[in-house]
Amino acid sequence: MVDLINVSYDTQIPNNVGLSSDRKVLKALEKWHPGYINWWNDLIPEKFQKSMVYLRTAVSVDPKGWAKFDYVKMPEYRWGVLLAPQVEGRTIPCGEHYGQAAWQEVPGEYRNMLKRLIVIQGDTEPGSVEQQRFLGLTAPSLYDMRNLFQVNVEEGRHLWAMVYLLQKYFGRDGREEANDLLVRSSGSEEAPRMLGAFNEETPDWLSFFMFTYFTDRDGKMQLESLAQSGFDPLSRTCRFMLTEEAHHMFVGETGVGRTIEKTCQVMRENGIEDPYDIDKIRSLGVIDLPTIQKKLNLHYTLSLDLFGQEVSTNAANAFNAGIKGRFQEHRIDDDHMLKDATYTVWDFEDGKAVQKEVPALTAINMRLRDDYIKDAAGGVGRWNKIIEKAGVQFELKLPHESFNRKIGVFAGHNFDPDGKIVSGAEYDAGIPNWLPTHADGDFIQSLMVPVTEPGKFASWIAPPKVGIDNKPGDFEYVKLHMA
Amino acid sequence: MSKVIDFQTDPSKYRHWKVEYDGPVATVIMDVDEDAGLFDGYKLKLNSYDLGVDIELSDVVQRMRFEHPEVKTVVMKSGKDLVFCAGANIRMLGGAAHSHKVNFCKFTNETRNTFEAAEQDSGQKWIAAVKGACAGGGYELALACNHIMLTDDSTSSVALPEVPLLAVLPGTGGLTRVTDKRKVRRDRADIFCSIEEGIKGKRAKDWRLVDEVIPNSKFEETVAERAREFAANSTKPDVEKGIELTPLNRTIDDKGVHYDLVEVEIDRDGRKATITLSGPDADAPGSIDEVVAQGAEGYLLKLARELDDAIMHLRLNEMELGLWVFRTQGDPEQVKAHEDLLLANEDNWLANEILQFWKRVLKRVDVTSRSLTALVEHGSCYAGVLAELLFAVDRSYMMEDEFEGDNRPIATITLSESNFGRYPMGNDLSRLETRFLGEPESLEKAKGAIGEALEAEEADELGLVTMILDDIDWDDEIRIFMEERASFSPDAMTGMEANLRFAGPETMETRIFGRLTAWQNWIFNRPNAVGENGALQRYGTGVRGEYNMERV
């Protein structure tokens with residue numbers, strides 16, 4: 001176990017922020033750390049806490065330093081506090097302070113807005129760990145188990161990064177918020193996580209892959225826009241987090257891809273041409289493509305909701321204040337202030353979805369969502385390549401953004417996945433074909449049997465092309481603790 | 001504003017007032033020099049006044065109390081034949097920026113309150129001897145006196161013509177004093193306030209607009225008789241000699257304003273003024289006689305005068321400094337000892353005057369339209385009267401525990417009896433009573449801590465400060481608070497603070513500073529008064545103001 005009395009923060013916590021000489025943050029971290037370790041210990045089944053996991057640890061921000069691989073027990077993971085190196089002469093990239101020197105301290109007038117953004121971002125990090133806490137028990141391989149834990153510890157580290165910012169820059173309020181991050185918990189009735197999507201348990205591995213592909217990608221977009229912040233420490237923190245977030249996308253994309261690959265392989269081996277021959281496909285221990293499409297529909301639409309309202313004053317304020325930019329703000333060729341610019345957003349008028357021009361400043365969320373949609377489409381194309389290569393006649397599609405929405409202008413209206421308004425009856429009839437049913441869930445659950453022998457995989461998923469850290473196929477990614 | 005408005009003056013410099021002393025009776029004669037306006041562009045005709053006239057009046061009132069404690073009755077009259085006073089100069093108002101009008105009204109209100117309270121506070125009773133036209137601000141001067149005598153010459157009248165003539169209000173307490181102090185029936189007050197020519201003779205007396213109406217032939221005589229009579233009936237003890245209010249030692253430069261005991265440091269980028277009050281450099285005098293001997297050099301009087309001047313300076317000359325930060329440095333025990341000596345001798349005239357003066361200065365703080373903050377740092381001397389500042393400000397921050405590299409004595413707050421009623425606010429409650437309006441038990445607890453040097457945790461426990469902060473948080477929290485405060489709309493801040501500061505009951509004073517002033521300031525922003533064709537602009541052109549007839 002971690003020796004909490006004698007934590008040498010400067011040596012045990014990899015950091016590039018001068019932790020050992022920063023009395024303020026040290027004192028705050030010392031108070032916070034035990035609560036964090038408790039949180040972690042309560043969360044992860046004991047068997048896994050004591051297992052040795054082959055994890056990547058970031059120990060510094062240079063390319064060599066942020067991917068050191070070794071076996072470690074998760075609670076002893078070295079939760080680095082690492083910020084991307086400071087860029088000399090960086091200026092505020094957007095809003096009314098455009099071009100002024102980036103803030104190295106929190107500007108008093110935006111303190112609360114910044115704090116709120118950081119708290120919301122921070123709240124999602126432990127939230128996803130909580131949602132995924134039992135997945136280790138049904139991991140389809142040691143390789144996948146290791147990837148799950150890698151994602152978990154990195155979400156944990158991202159929590160550290162946000163807590164560091166809160167403790168370093170937001171005084172007493174910040175410390176209280178940092179503590180509350182450990183008080184709230186996913187799915188809790190007393191104190192749930194702030195965003196709805198982080199209060200749903202991740203029930204199975206396909207959900208996990210979909211989550212890391214779609215929902216973590218929302219996280220990535222949020223980090224991208226915070227990386228454009230005029231508050232330099234936030235920008236630097238998020239830039240470094242993005243290097244880790246890329247791995248989560250990888251886990252999601254390859255996880256779904258390997259599931260598809262196995263389904264197609266089994267279909268071919270058994271001469272099944274019709275992807276809708278669901279019972280037969282399922283009887284062979286793989287997940288049929290229409291069900292994968294339904295899972296995709298669900299996770300994609302939940303993730304779209306995370307972007308908030310199409311027209312948002314909060315987002316406009318944050319952009320104008322220069323504390324949150326757009327995706328790759330520096331590559332956009334405009335005044336970066338959006339003084340007169342407009343942007344096309346969806347609205348709902350006279351019973352149908354229409355597109356409208358609104359002041360671009362108020363459409364910041366929508367723009368980020370559009371960038372997200374483009375970004376998310378890439379992996380779907382690669383999945384289709386796998387299907388095509390296997391000679392199966394099926395194409396996965398992102399549903400129309402009006403489908404299954406709980407937030408924004410489409411909420412409360414019956415759209416089908418193609419974006420067509422349908423009647424209530426049509427909607428009810430369509431839903432079992434569009435979104436996973438409980439029966440689908442039962443079936444997927446039935447496949448979730450743990451496989452813990454090195455190099456072996458569950459029936460429904462193909463092995464990866466390449467091992468982590470180029471390890472051979474039978475590498476023991478997790479040395480399970482046997483009680 | 002390029003021209004610095006100076007609130008320091010003395011009788012040798014007066015242009016508008018003369019004061020004659022005759023034993024217990026003083027006569028204050030208003031004789032405004034029409035060519036000596038504070039700014040260009042208007043003439044102070046008919047004994048009309050501007051801020052400069054009022055600064056002198058304020059000085060008269062103050063010196064009357066400190067330099068002439070033998071005075072028991074003060075007669076205010078006009079030095080001109082046909083007019084008592086025509087009120088605030090309309091051309092000055094028409095040409096002034098909104099901010100100046102507001103500050104002008106606030107200062108004149110404070111001065112009216114001061115001579116109005118002179119009877120109760122110091123036994124100096126003011127009589128208005130009204131001969132000639134007494135209109136608008138002129139009648140408001142009279143209203144603030146304790147006794148109004150009007151000559152019955154068939155032309156002299158009292159009037160509040162602001163509404164019909166200028167489309168503004170009698171805003172220097174006029175409307176409020178007519179109903180609250182003179183207790184004029186509201187329908188009569190309604191008539192009185194809507195007619196230009198005012199009311200004269202017997203009716204003025206019947207309606208309680210004046211106390212006496214006197215035949216013109218006997219006017220001077222009766223006024224003199226009444227003054228002597230009031231003086232003779234006064235319970236104010238005889239005092240042979242006052243003290244001299246010597247000029248303040250003050251320099252003003254780019255960095256701020258510097259006095260012996262008060263240091264004002266200006267941070268224009270941060271829109272902030274830091275006002276540091278020093279503790280005494282010596283033990284309290286051994287006796288009250290010594291305090292009298294020290295005169296204007298005595299610690300608490302000198303500090304009050306310097307602070308008062310600093311407040312006025314910042315209010316009128318530094319309008320963009322929206323945040324005032326009070327600090328103190330010194331020995332709290334010494335501060336308390338100085339105050340204790342006065343409290344123990346409050347029947348001594350000077351002790352009383354100094355304590356009353358502090359009451360007024362603290363009220364000035366209360367009604368100042370700036371965000372007010374106090375820092376209780378190590379080495380502070382917030383004891384008794386200075387602790388009162390903590391309860392006047394919008395927020396206070398106190399250092400907790402030792403700070404690295406700071407060897408000043410640990411921050412403390414020391415309450416004294418005086419914090420529980422000696423310096424009431426405009427609402428007639430002590431600041432602590434107001435602070436603890438919803439928790440009277442906290443007031444009792446605080447009383448139990450009188451005399452103790454309370455460190456941060458105890459002060460926090462007693463609810464005496466907003467927030468206590470240790471070494472680690474202090475700089476950041478304070479900086480961020482100040483930056484945030486400086487970024488808010490000054491208008492919203494003024495409105496919010498003025499509303500939050502005065503919890504509890506209404507008094508005439510709170511109604512003047514709250515209700516009347518707020519309505520007046522609203523009207524001062526409306527085109528019907530100040531627009532190009534508004535009444536204030538058109539005054540004197542022969543053309544009436546043009547009004548938008550929509551009721552808002």
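Figure 1. Strand β21 (residues 413-414) of chain B pairs with β22(B) in the antiparallel sense, over two bridges. Strands here are DSSP runs of E with at least two residues, while helices are runs of H or I with at least four residues, and both are numbered from the N terminus. Two strands count as paired if DSSP finds at least two bridges between them. Look for I413(B): its bridge partner in β22(B) is L454(B).

A word on the model before moving on. This is a predicted model, in which local features need pLDDT of at least 70 and side-chain atom pairs count only at pLDDT 80 or more, though totals for chains, interfaces and linings use all residues. Residues are numbered from 1 along each chain as its sequence is written, and chains are lettered from A and ligands numbered from 1 in the order in which they are written.

Figure 2. The strands come in the order β5-β8-β10-β11 (chain B), making an open sheet with mixed pairing. At the edges, pairing on one side only, are β5 (83-85) and β11 (199-200) of chain B. β5(B) runs parallel to strand β8 (residues 133-135) of chain B, and two bridges join them. C85(B) has C134(B) in β8(B) as its bridge partner. Helix α4 (residues 137-144) of chain B packs on this sheet and touches β5, β8 and β10 (157-159) of chain B; the helix direction makes about 85° with that of β8(B). Touching means contact: two residues are in contact if their C-beta atoms, placed from the backbone, lie within 7 Å. Axes are lines fitted to C-alpha atoms, for helices over the stretch in contact, and angles run from 0 to 180 degrees between N-to-C directions.

**Figure 3. Helix α6 of chain B has several buried residues.** In this helix (residues 174-181), G174(B), L175(B), T176(B), R177(B) and V178(B) are buried. Buried means that 20 or more other C-beta atoms lie within 10 Å of a residue's own; exposed means 12 or fewer, and partly exposed is in between, with C-beta atoms placed from the backbone. What's covering them? The cover includes α4, α7 (186-192) and α20 (508-523) of chain B. After α6(B) comes K183(B), with a positive phi near 55°.

Figure 4. Strand β3 (residues 342-349) of chain A pairs with β4(A) in the antiparallel sense over eight bridges. T344(A) stands opposite E357(A) in β4(A). Between β3(A) and β4(A) there are two residues, and D350(A) in the turn has a positive phi of about 50°. Strand β4 (residues 352-359) of chain A lies largely in the open because zero of its eight residues are buried. In a regular strand, side chains alternate between the two faces of the sheet.

Figure 5. G322(A) follows α11(A) and has a positive phi, near 80°.

**Figure 6. Chain A meets chain B.** Ten residues of chain A are in contact with eleven residues of chain B. On the chain A side, α2 (23-43) and α6 (171-183) of chain A each give two or more residues. α2(A) gives the largest share, three residues. By class, this side of chain A has two nonpolar, two polar and six charged residues. Ala, Val, Leu, Ile, Met, Phe, Trp, Tyr, Cys and Pro count as nonpolar, Asp, Glu, Lys and Arg as charged, and the others, Gly among them, as polar.

**Figure 7. Two domains of chain B touch each other.** The domain assignment, automatic or from a database, gives domain 1 (15-233) and domain 2 (251-499) of chain B. Ten residues of domain 1 of chain B are in contact with ten residues of domain 2 of chain B. On the domain 1 side, α3(B) gives the most, with seven residues.
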